[in-house]
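Me: I would like to go through this model with you, starting with the basis of the assignments. Could you take the terms as they come up?

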Amino acid sequence: MKRFFGTKQKKSAGGAPDPTLDDVSGNMDKRMTELDTKINRLEKQILEIKKKMQRAKGAAKNALKQKALKLLKQKKQYESQRDRMYGQQMNIDNTKYATQSIQDNANMVKAMKGAATTLKQQMKDVNIDEVEDLQDEMMDLFDETNEINDILGEAWGMDDVDEDELEAELDGLDDELDDLDMAEDDVPSYMVSANAAANKTDLKNSDNAEVDEYGLPKVPDKLMN
């Protein structure tokens with residue numbers, strides 16, 4: 001199997017190393033490329049002859065026809081060779097995939113065996129009964145800690161308060177909130193925003209004097225100088 005992957009190769013009787021699947025596949029790719037090049041060249045030659053046949057007559061046309069048929073036959077042979085090599089290439093690729101899969105599976109089994117050995121060794125350091133005892137002990141400690149927190153969280157030195165009195169005081173807060181809402185609604189005129197005052201229609205005093213944006217009499221310009 002190793003020789004399929006290009007590892008250390010054994011030499012044949014002639015001294016040359018045995019070919020690998022990669023070597024064979026590379027050679028076939030090269031040969032198929034050469035065949036494709038030849039086929040394309042023949043197709044161009046056949047098309048050129050075909051164009052000449054359209055203008056030729058008589059014996060000249062017949063000679064061109066025979067040449068075109070010869071080239072076409074050669075093209076068919078190259079195509080047949082290429083198609084066979086395609087099938088061989090597929091077989092090589094399938095073989096390469098199978099050998100690589102076997103190698104991968106072998107490596108995976110080896111790795112799993114190593115992991116199992118390590119896991120067994122580590123499990124020797126763990127006692128199931130000790131783990132269960134530790135779990136029970138930790139749960140008891142958490143329960144005791146919660147109980148201590150509850151005890152320390154109790155309020156000290158607070159007198160008992162009547163619940164009815166607390167509810168009555170809470171209800172009394174509603175009246176205070178209503179009074180606050182009413183006080184907020186009664187806003188003085190000087191607290192009106194500048195935009196609201198500007199939107200009033202033709203704000204003027206009784207003497208028909210101009211007023212500023214706050215509703216106050218406007219100072220004449222000459223007094224401002």
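Reply: Helices (H or I, at least four residues) and strands (E, at least two) are DSSP runs, numbered from the N terminus. This is a predicted model, in which local features need pLDDT of at least 70, side-chain atom pairs count only at pLDDT 80 or more, and totals for chains, interfaces and linings use all residues. Residues are numbered from 1 along each chain as its sequence is written, and side-chain values use heavy atoms, with hydrogens and water left out.

Me: How many helices and strands are there in the protein chain?

Reply: The protein chain has six helices and zero strands. Along the sequence, this gives the pattern α-α-α-α-α-α.

Me: What share of the residues counts as buried?

Reply: Of the 225 residues of the protein chain, 12% are buried. Buried means under 20% relative accessible area, exposed means over 50%, and partly exposed lies in between (1.4 Å probe, protein chains only).

Me: And what about contacts between residues at least 6 apart in sequence?

Reply: Among those contacts in the protein chain, 53% join residues at least 24 apart. A contact here means heavy atoms within 4.5 Å.

Me: Let us turn to Ser25. Where is Ser25 placed?

Reply: Ser25 belongs to helix 1, which covers residues 21–55.

Me: Is Ser25 buried or exposed?

Reply: Ser25 counts as buried because its relative accessibility is 6%.

Me: Which residues does Ser25 touch?

Reply: Leaving aside residues up to four places away in sequence, Ser25 touches Gln89, Ile92, Asp93 and Lys96. Two of these can be followed further.

Me: How do the axes of helix 1 and helix 2 cross?

Reply: The two axes come within 8 Å and cross at roughly 160°. Helix 1 is therefore roughly antiparallel to helix 2. The contact of helix 1 with helix 2 has 18 nonpolar, eight polar and 15 charged residues.

Me: Please give the conventions behind that.

Reply: Axes are lines fitted to C-alpha atoms, for helices over the stretch in contact, and angles run from 0 to 180 degrees between N-to-C directions. Angles under 35 degrees count as roughly parallel, over 145 as roughly antiparallel, 65 to 115 as roughly perpendicular and the rest as oblique. For the classes, Ala, Val, Leu, Ile, Met, Phe, Trp, Tyr, Cys and Pro count as nonpolar, Asp, Glu, Lys and Arg as charged, and the others, Gly among them, as polar.

Me: Changing topic, how many salt bridges does a search of the whole structure find?

Reply: The search finds five salt bridges, each a side-chain nitrogen of Lys or Arg within 4 Å of a carboxyl oxygen of Asp or Glu.

Me: Which residues are linked in a network of salt bridges?

Reply: Asp36, Arg82 and Asp83 form that network. Arg82 and Asp36 meet through their side chains at 3.0 Å, N to O. Arg82 lies in helix 2 and Asp36 in helix 1, so this pair ties together parts that are 46 residues apart in sequence. Between Arg82 and Asp83, the closest N and O atoms are 3.9 Å apart.

Me: How accessible are the two Asp residues?

Reply: Asp36 is partly exposed, with a relative accessible area of 23%. Asp83 also counts as partly exposed, at 46% relative accessibility.

Me: With which residue does Lys75 form a salt bridge?

Reply: Lys75 pairs with Glu79, the closest N and O atoms being 2.6 Å apart. Both residues lie in helix 2, four residues apart, about one turn of the helix. Lys75 and Glu79 are both buried.
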